[in-house]
Amino acid sequence: APVVAFLEAEPEVIRMRDDIAHFVATWLPCYVRDNRSYLTVGIGCTGGQHRSVYIAEWLYRKFRDQARVLVRHRELPAPSGDS
């Protein structure tokens, strides 16, 4: 929770998150309509346990009701989403 609060107080983090979400929201319906197998969104950062994890988890919650979403964290156990 403290990491999320810190990141959500950073305008650049919110701008990046929202830009990625806008991209996915724009193109996901096209992928679904065209019966595409998957759309991969990769987010990385130096440590891999803060901004990238926050954004990946936020995107999962945002889009999980619109499509099958799988989140994989390379450095963390127990990923969210469908296995």
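In which helix is Ser52 found? Ser52 is found in helix H3 of a predicted model, in which local features need pLDDT of at least 70, side-chain atom pairs count only at pLDDT 80 or more, and totals for chains, interfaces and linings use all residues. Residues are numbered from 1 along each chain as its sequence is written, and side-chain values use heavy atoms, with hydrogens and water left out.

The secondary structure of the chain comprises three helices and zero strands, where helices (H or I, at least four residues) and strands (E, at least two) are DSSP runs numbered from the N terminus. From the N terminus on, the order of elements is α-α-α. Of the 83 residues of the chain, 27% count as buried; buried denotes under 20% relative accessible area, exposed over 50%, and partly exposed in between (1.4 Å probe, protein chains only). Among contacts in the chain between residues at least 6 apart in sequence, 42% join residues at least 24 apart, a contact being defined by heavy atoms within 4.5 Å.

Helix H2 spans residues 11-33 and has 23 residues. From its first C-alpha to its last, H2 reaches 34 Å, close to the 33 Å expected at 1.5 Å a residue; the expected span of a helix is 1.5 Å times one less than its number of residues. H2 bends by about 30 degrees at Trp27, and the proline Pro29 follows within four residues. The bend at a residue is the angle between axes fitted to the seven residues ending there and the seven starting there. The buried residues in H2 are Val13, Arg17, Ile20, Ala21, Val24, Leu28 and Cys30, and they pack against helix H1 (2-8) and helix H3 (51-63). Ala25, also found in H2, is partly exposed, with a relative accessible area of 38%. Ala25 and Phe63 are 38 residues apart in sequence and 8.2 Å apart in space, C-alpha to C-alpha.

The loop between H2 and H3 contains Asn35. This residue has a positive phi of about 55 degrees although it is not a glycine. Most residues other than glycine have a negative phi. Asn35 is exposed, its relative accessible area being 67%.

Helix H3 has 13 residues and reaches 18 Å from its first C-alpha to its last, close to the 18 Å expected at 1.5 Å a residue. H3 is mostly covered, with ten of its 13 residues buried: Ser52, Val53, Tyr54, Ile55, Ala56, Glu57, Trp58, Leu59, Tyr60 and Phe63. The cover over the buried residues of H3 includes H1 and H2. Ser52 is counted among the buried residues because its relative accessible area is 6%. When residues up to four places away in sequence are not counted, Ser52 touches Ile43, Gly44 and Cys45. Lys62 and Ala21 are 41 residues apart in sequence, with a C-alpha to C-alpha distance of 8.2 Å in space.

Interactions involving aromatic rings were also examined. Arg17 lies over the face of Trp58, at 4.1 Å from the ring centre, and Lys62 lies over the face of Phe63, at 5.8 Å from the ring centre. A charge sits over a ring if NZ of Lys or CZ of Arg is within 6 Å of the ring centre and within 35 degrees of the ring normal. In contrast, a search of the whole structure finds zero aromatic pairs. Rings of Phe, Tyr and Trp (its six-membered ring) pair if their centres lie within 6.5 Å; planes under 30 degrees apart count as stacked, over 60 as edge-to-face and the rest as tilted.
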